[in-house]
Amino acid sequence: MASVREIKLDAPEESGAEYVIEVENLVKRFGSKYAVDDVSFKIKRGEVVGFLGPNGAGKSTTINVATGYISSTSGSVRICGHDVLDDPTEAKKLIGYLPEQPPLYVDMTVSEYLNFTYELKNCRLNRKKHLEEIYEITKTGDVRERLIKNLSKGYRQRVGIAQALVGNPQIIILDEPTVGLDPKQVIEVRSLIRALGENHTVFLSTHILSEVEVVCDRIIIINKGKIIADEKRDAISSIVSDNRAFIAKICGPSREVLSMLRSRAGIKKVERRPETDGDARAYLIESEQGIDIRKSLFYALAENNWPLVGLEPVGEDLENVFIRLVDRADSGKRRTTKRRRALIEEDAPAAEESTGEGATTGEGAATGESAPSESEEEK
C-alpha cells in the first residue's frame, strides 16, 4: 500500500482571499463568564497552525464559533471573506471539520456514512474516485463495510477525519485528531496532516505539545479566553527570551577559544560543554538581546584558523515556553486584580463618609431604621 505522502487529494478550488480565516475581536460570553475575550488572528492559505491552551482556555469555543456551530456574542469570523453568521452556507462549504467527538452515525457502515456525507455536502467531485482517495489516505478501506459501532476508537477517529475530507475543502479544522490512536496511527495521522498542508490550510487544536512541534508551522496559544502568543514555530521561544543561544563546535585550543569568545562584543555568556566531535569541542554561546553574532563569530574563528564544524541553535522546548507563557499571563491577571482591589479600597472611605452623612438625616434617622438598598427600592 502506498504511503500517506504518496497519496494526496487534489488541490481544492481556491478563492482569491489572502487570508482564509480571519477572526476579529471575537467575544463569546456564557452568562457573566467570558469563554473567549476579544480574540483576533488571521491565517493565510497553506498554513498549518497549532492552537494550544490549557483546559478551559477557550480553544473549543473559538473553533465552534469559527465553524458556525455556535454564534458569537460580538466580533466576527470570516472564511475566505464569507462571514460565518451572515453567509453561513458559503463559509461552511469551505470547511472540513473534525470535532473532538467525531459526529458519527454508528448504525451505518463506513461506506454508508461517507456516501451520506458526500450527499449532505452536495459534493460535485467524482464520487467513486473521491471516496477511494479518502479511504486510501485515511487507511479505512479495509473496514468500509463494517458498522461504525463495531470499530475501535482509533478507527472511529480515522472515519471522523475521512468525513472532514469529503468535498476536498480549502480549510481543514481538527480538534484533538489523534486522541485514542496507537503510536503507529499517530505517526500516520501526523504525516497526513503535513500532506494536507501542502494544498490546504490546516487549523489544529491539540493538547499534545510534541504533535504541534512536529506538524505545525505556526503556534497560537490561548489562556482564559485571550491570545497570549502567536508566532512561527521556530520563533516561539523568543517570546520568553530575547537572547539567542547556539552550540558551536570549534577545533582549537580550548582555553584560547574561550578567552576569544568571552572578549567578543555581543556575546553575553560562554560555557564549555562536555560533547566533542572528533577534535572539535562544543561551546554554549549566548548572544546579547537582539544581536546576531553568527557572521562575526565565523570571521573571528577564521582569522585564528580555528575551523567551525557545527553551529546549532538552542531554544527552550515548547513545553517550557507554554508553561512560562501561561504562568506569566496568570500572574499578570492576578496583579491587575490586586490593583483593582486597591483602587476599590481607596474609594471605600469616601463612599462610607457620604453614606454616613446621609444616614443621619431623613426618615431612616428619625425612626432608627436603615435606608433601603437600591435593590430593595427596585422591589
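**Figure 1. Gln 185 sits in helix α6, which covers residues 183-196.** Helices here are DSSP runs of H or I with at least four residues, strands are DSSP runs of E with at least two, and both are numbered from the N terminus. This is a predicted model, so to speak of local features pLDDT has to be at least 70, while side-chain atom pairs count only at pLDDT 80 or more, and totals for chains, interfaces and linings use all residues. Residues are numbered from 1 along each chain as its sequence is written, and side-chain values use heavy atoms, with hydrogens and water left out. Is Gln 185 buried or exposed? With a relative accessible area of 10%, Gln 185 is buried (buried means under 20% relative accessible area, exposed over 50%, and partly exposed in between, using a 1.4 Å probe and protein chains only). If you skip residues up to four places away in sequence, Gln 185 touches Gly 154 and Arg 158; contact means heavy atoms within 4.5 Å.

**Figure 2. Helices α3 and α5 meet.** Look for α3 at residues 110-120 and α5 at residues 153-165: their axes come within 9 Å and cross at roughly 25 degrees. The axes are lines fitted to C-alpha atoms, for helices over the stretch in contact, and the angles run from 0 to 180 degrees between N-to-C directions. That makes α3 and α5 roughly parallel to each other (angles under 35 degrees count as roughly parallel, over 145 as roughly antiparallel, 65 to 115 as roughly perpendicular, and the rest as oblique). From α3, the contact uses Val 110, Tyr 113, Leu 114 and Thr 117, and from α5 it uses Val 159, Ala 162 and Gln 163. Sorted by class, the contact of α3 with α5 has five nonpolar, two polar and no charged residues. Here Ala, Val, Leu, Ile, Met, Phe, Trp, Tyr, Cys and Pro count as nonpolar, Asp, Glu, Lys and Arg as charged, and the others, Gly among them, as polar.

**Figure 3. Helix α3 also meets helix α4.** Helix α4 spans residues 127-138, and the axes of α3 and α4 come within 11 Å and cross at roughly 125 degrees. So α3 and α4 are oblique to each other. On the α3 side you'll find Val 110, Ser 111, Leu 114, Asn 115, Tyr 118 and Glu 119 in the contact, and on the α4 side Arg 127, His 130, Leu 131 and Tyr 135. The tally for α3 with α4 is five nonpolar, three polar and two charged residues.

**Figure 4. Asn 122 is in the loop between α3 and α4.** Its phi is near 55 degrees, a positive value in a residue other than glycine. Asn 122 is partly exposed, with a relative accessible area of 47%.

**Figure 5. Cys 80 is in the loop between β4 (74-79) and β5 (82-83).** Cys 80 has a phi near 50 degrees, which is positive in a residue other than glycine. At 8% relative accessibility, Cys 80 counts as buried.

**Figure 6. Cys 216 lies in the loop between α7 (209-215) and β9 (218-223).** Cys 216 is buried, and its relative accessible area is 0%. Which residues does Cys 216 contact, leaving aside neighbours within four places in sequence? They are Val 48, Val 49, Gly 50, Arg 194, Leu 204, Glu 211 and Arg 233. Now find Ile 193: its C-alpha atom is separated from that of Cys 216 by 9.0 Å, and the two residues are 23 apart along the chain.
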